[in-house]
Amino acid sequence: AFYRVYPPHNGVETIKMGQADSEPKRVALMLTAQNRTTGEMFDIFCPNALVLGLPLGLKEKAFQTGGIKIGIFTDESLDYAIETTSIKGTNIQA
């Protein structure tokens with residue numbers, strides 16, 4: 001599970017992509033790598049990203065290919081572009 005505590009804010013916005021009149025918007029991305037056999041986890045957080053080229057006009061049960069372009073920008077309020085987190089595993093089998 002992943003939890004992120006945000007400072008007080010002024011609301012939440014839902015972004016729908018792929019609509020005819022949609023405009024690209026910058027979003028925050030959390031990328032999580034596959035857990036290693038040692039139990040280690042690795043996250044990459046990009047607070048200010050622009051994602052273009054998502055193939056969202058998918059047909060049901062149809063094969064679809066497409067490319068994704070991601071632009072990473074410095075977040076002016078946080079003063080960084082990328083934050084990585086490595087959680088060391090204990091190698092305990094569940």
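Visitor: Is Ile70 buried, partly exposed or exposed?

Guide: The model is a predicted one. Ile70 lies in strand β3, which spans residues 69-72. Buried means under 20% relative accessible area and exposed means over 50%. The relative accessible area of Ile70 is 44%, so Ile70 is partly exposed.

Visitor: Which residues make the nonpolar surface patch of about 350 Å²?

Guide: A residue needs over 30% relative accessible area to belong to a patch. Ile70, at 44%, therefore passes that cut-off. The patch of about 350 Å² is made by Ile68, Ile70, Ile72 and Ile82.

Visitor: What pattern does the protein follow along the sequence?

Guide: The protein has zero helices and four strands. Read along the sequence, these elements give the pattern β-β-β-β.

Visitor: How many bridges join β2 to strand β4?

Guide: Strand β2 covers residues 41-52, and strand β4 covers residues 83-87. One point of reference is Met41, which stands opposite Ile87 in β4. The two strands run antiparallel, and the number of bridges joining them is five.

Visitor: Which residue in β3 is the bridge partner of Leu50?

Guide: β2 also pairs with β3 in the antiparallel sense, over four bridges. In β3, the bridge partner of Leu50 is Gly71.

Visitor: Which residue in β2 is the bridge partner of Val27?

Guide: Strand β1, residues 26-32, pairs with β2 in the antiparallel sense over six bridges. Within β2, the partner of Val27 is Ala49.

Visitor: Which side chains meet in a salt bridge?

Guide: Side chains of opposite charge can pair when their charged atoms come close. The structure holds one salt bridge, with an N to O distance of 3.6 Å. The side chains that meet there are those of Glu40 and Lys88.

Visitor: How many residues apart are Glu40 and Lys88?

Guide: Glu40 sits in the loop between β1 and β2, whereas Lys88 sits in the segment after β4. The pair thus links distant parts of the chain, and the separation is 48 residues.

Visitor: What share of the 94 residues in the protein is buried?

Guide: The accessible surface of the protein comes to about 8,300 Å², and 54% of that surface belongs to carbon and sulfur atoms. Of the 94 residues, the buried share is 12%.

Methods
Residues numbered from 1 in each chain as written. Predicted model: local features only at pLDDT ≥ 70, side-chain atom pairs only at ≥ 80, totals over all residues. Heavy atoms only, no water. Patch = residues over 30% accessible without salt bridge, like charges linked within 9 Å, V, L, I, M, F, W, Y side chains within 5 Å. Areas by Shrake-Rupley, 256 points an atom, 1.4 Å probe, with all protein chains shown as cover. Salt bridge = Lys/Arg side-chain N within 4 Å of Asp/Glu carboxyl O. Buried < 20%, exposed > 50% of the residue type's maximum accessible area, 1.4 Å probe, protein only. Pairing = 2+ DSSP bridges.
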